[in-house]
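The sequence and the structure come first.

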Protein chains: 2
Amino acid sequence: MNKYSDYLDYCKKIHDINMSIAVLNWDLETKMPKNGHKFRAQQISTLRKVSHELSTNKSYGDLLNKLKNNNALDFDQSRNIDVSLKKYNKTLKYDANFIEKESNLISEAFVKWRLAKEKNDFSIFEKSLEQLIQLRIKECEILGYKNHPYDALLDQYEPDLTTNEVDKIFQEIKDFLIPFIKKISNAKEIDDSFFYQYYNQKKQWDFGIDLLKGMDYDFNSGRQDLSAHPFSTHFSNEDARVTTRIDENNLSEMIWSCIHEGGHALYEQGLLSKNYGLPLGESISLGIHESQSRLWENNVGRSIEYWKYNYNKLKKYFEKQLINVSVNDFYKACNKVKPSLIRTNADELTYHLHILIRYEIEKGLIESSIKVQDLPEIWNKKYQEYLGITVPSDSMGVLQDIHWSHGSFGYFPTYTIGSLYAAQFFTQALYENEKLYDEISKGKSKNLLKWLREKIHKHGKKYSAQDLCIKVTGEKLNFNFFKKYAINKYTSMYDL
Amino acid sequence: MNKYSDYLDYCKKIHDINMSIAVLNWDLETKMPKNGHKFRAQQISTLRKVSHELSTNKSYGDLLNKLKNNNALDFDQSRNIDVSLKKYNKTLKYDANFIEKESNLISEAFVKWRLAKEKNDFSIFEKSLEQLIQLRIKECEILGYKNHPYDALLDQYEPDLTTNEVDKIFQEIKDFLIPFIKKISNAKEIDDSFFYQYYNQKKQWDFGIDLLKGMDYDFNSGRQDLSAHPFSTHFSNEDARVTTRIDENNLSEMIWSCIHEGGHALYEQGLLSKNYGLPLGESISLGIHESQSRLWENNVGRSIEYWKYNYNKLKKYFEKQLINVSVNDFYKACNKVKPSLIRTNADELTYHLHILIRYEIEKGLIESSIKVQDLPEIWNKKYQEYLGITVPSDSMGVLQDIHWSHGSFGYFPTYTIGSLYAAQFFTQALYENEKLYDEISKGKSKNLLKWLREKIHKHGKKYSAQDLCIKVTGEKLNFNFFKKYAINKYTSMYDL
């Protein structure tokens, strides 16, 4: 292998295998009969090994290093090589021992976490979690970092973002959100009780499909299914799927998962076929991905304009349940802010305090300033301090999220980063096309999607998240866009 | 690699990849959005290449050859090595050129065939078919054979079966079936018109699930979905799936596909987990696989005893449609014999004349005694001669089946071989447990399934088809079992 075309072939081959793993996982989550688990796990593990072998092949590395110094490549080609080489060098750092130990630890930790959560007994999970953290601390050393070991973990999900920057962002969030949410808590509570009536599953499903179609999600290049936890996945830009979950006693579950996962899938559908398998055909980072889901979920889906159009449709499905609910009542209920226990059910403001808590804890664990055995106590104290919430049990507290049992540290901050990017991008989109909200109120978001496609989706990893943000909005990630959005929206809604 | 345990690991690795390909294909046929095709084809092709590379790896061959001469292995272990080595040596014979040429020819031929069928113009397909046949003729030389080049093709689907044996079997079929079917054609025609009323899709689906449950198909280790053409597939014995097709104006389509594919899937579910990935964990041959589907479809599903139990259930779904149809009328309609144009819709007697025609033509093409350009004429002549049917168009004649466009030659005979095995196995099962039909009439087929599991399923490829047949029934494949079954059943049904 010595030509750029060899690189293209090789890179696509690895990607084909990774996308096959994604198909196997999609099936596992949505369709697989329950006895299929054992051999499916083995099949996925085999494909992962094949992918890893190809990804760390020495001739591939030689080719990348050779092409790195090839001046004949254009900008796009050079960027592909740069990103692939960075990934290659990173992957090389892990020896087989590490990978195996990690895989075993995670399998065990997941089982322990599930049991601990079920039994409401943190001690069951404690040892596994401790081992996982030691492994991640070791990983930070393997990968290397400039200032803080947590940088190395962040970089896996949000390349180039540093702990230092995240610290600053969360300080701003803390300074603004904690008093702002307190102010809201003192205002008159919004009534959202109508969400918790009986809503027929089939009708909810149909309405969810309407919402996806309304976002111009392309069902010829995707589909929606049910799963225990909503997710989006993709096997190419021409097959990007979503799942949802329907609770017949809670309408909101389905609505927000459809719009949120739909936003993720629109990003994948907006990548270019010609870049399939290459960095330029891949999303930039988890934060940018989340910006797309959050933009649709919050900036679009939680706007009065969105419901001006969609609420009539919803009422046709559920006339009886919504008979006394005006579109304004509905809009307000969609935006009710109230500190609560569970991150995944949180509103768009308190959500970031949930993330802040996880971030502070993760950083503490990785720099060894927090001990695993103290986690429940620390968790509960922070919930009391930041959210004013008393955590009744570890199952609903420190054990609520799956992430740590999967060995994912450095992942949580991308949720918040995504919301901030969303606010910043959407402000820019509105600035460039002031009719956007007007169009949304008529059920048309084609121009918004076009803007996102042009400015963000089609580039894949052509730019770093930071560079893209500057290119699109003229400045780097700035908390003020989210702050302004929140103040505007909630001051009038809550009459603050 | 030098130990038997190395062989186990390696073999399972290849199998994991092949099973992943099966998942990708299942998704493609049942769930994939229409734009997903292009990249899915590429993903499957990549996995196939990885599988082929592993399967032809020299160290794997060395290991197999070393273990072949290892006296410390027990019977099962030796059999695994023998089968794997035979497969390895065969795979080695194909060079990359052949594989690529084959793959290109098949892609092209499929497109041409589809167009030819659509336009009712054989000439569109002619050249591609000619090239495919030349490739298969070459393949016979590459693979080698004892007496007839067609042996090499047969061996791929039905190992060890020879053209000479198939000739003999079809001669017996011809001698018996042609006059027997003529006799039936002169008898009073059975009325099956009630099959062709409106039957609601959802109710048909539910009844199909009932039928599968009634066969003890394990839905914890499988599932049913809809697809354009019914098929069964498997990713392990713990995930063996079926699909069906529902025509709201023809009830029989769904019934026979459910029972037929269910029979295939019961075989896969009956293989042993401990042999996953090894020859002993795989079905013997297409013929033995077909014996399982045909046994359930014909020997069980087309018996009066089966409907004594299931017809009441069916009537609950479709009371209006079946109000004037007795269980005996229904049973007879399920068994109506009438020469027809299309193989896949044929009854269980004329079916074998459809296969006979294809077999004679394939043999002629491979030994170059038949020219491709003469195919439509030869096809139509044989249909007239054997079935008394005038073929109105090539679309409904020589172009009706997909097999040749896929490059499959030597496949068709296994359909007939399967039915003969089915009759022979079922006769033996009845001989060993005379209450089987009595149990079936009470909706219980557990003892039949137990017998099939014990005698056939659990062994995988432990024995060759021929040896298994002798082991189970005391003699080798013998047409007389099918003949006796047919005479018994149809003589009384048609009052011959």
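Leu226 of chain A stands opposite Thr244 of chain A, a residue of strand S3(A). In this predicted model, the two residues belong to the pairing between S1(A) and S3(A): three bridges join S1(A) to S3(A), residues 239-244, and the two strands run parallel. A second pairing involves S2(A), which is joined to S3(A) by four bridges and runs antiparallel to S3(A). There, Ser232(A) stands opposite Val242(A) in S3(A).

| Strands | Bridges | Direction | Residues standing opposite |
|---|---|---|---|
| S1(A) and S3(A) | three | parallel | Leu226(A) and Thr244(A) |
| S2(A) and S3(A) | four | antiparallel | Ser232(A) and Val242(A) |

Together the strands form an open sheet of three strands in chain A, with the order S1-S3-S2 and mixed pairing. The edge strands are S1(A), residues 224-226, and S2(A), residues 232-236, each of which pairs on one side only. From one strand to the next, the twist averages 25 degrees. Helix H1 of chain A, residues 4-30, packs on this sheet and touches S1, S2 and S3 of chain A. The direction of H1(A) makes about 140 degrees with that of S2(A). Is S2(A) mostly covered or mostly uncovered? S2(A) is mostly covered, with five of its five residues buried.

At the level of the chain, the domain assignment divides chain A into domain 1, residues 4-149, and domain 2, residues 150-496. The centres of the two domains, taken over C-alpha atoms, are separated by 25 Å. Across the boundary, 42 residues of domain 1 of chain A are in contact with 41 residues of domain 2 of chain A. On the domain 1 side, H1(A), H4(A) (75-92), H5(A) (96-119) and H6(A) (122-143) each supply at least two of the residues that touch domain 2. H6(A) gives the largest share of that side, twelve residues.

Finally, the two copies. Chain A superposes on chain B by a rotation of 180 degrees with 0.0 Å of shift along the axis, at an RMSD of 0.0 Å. The copies are thus related as by a two-fold rotation axis. Of the interface residues of chain A, 100% are also interface residues in chain B, so the copies meet through the same surface.

Note on methods
Residues numbered from 1 in each chain as written. Chains lettered and ligands numbered in written order. Predicted model: local features only at pLDDT ≥ 70, side-chain atom pairs only at ≥ 80, totals over all residues. Pairing = 2+ DSSP bridges. Axes fitted to C-alpha atoms, helices over the stretch in contact; angles between N-to-C directions. Contact = placed C-beta atoms within 7 Å. Least-squares fit on C-alpha atoms with pLDDT ≥ 70 in both. Buried ≥ 20, exposed ≤ 12 C-beta atoms within 10 Å, placed from the backbone. Domains from an automatic or database assignment.
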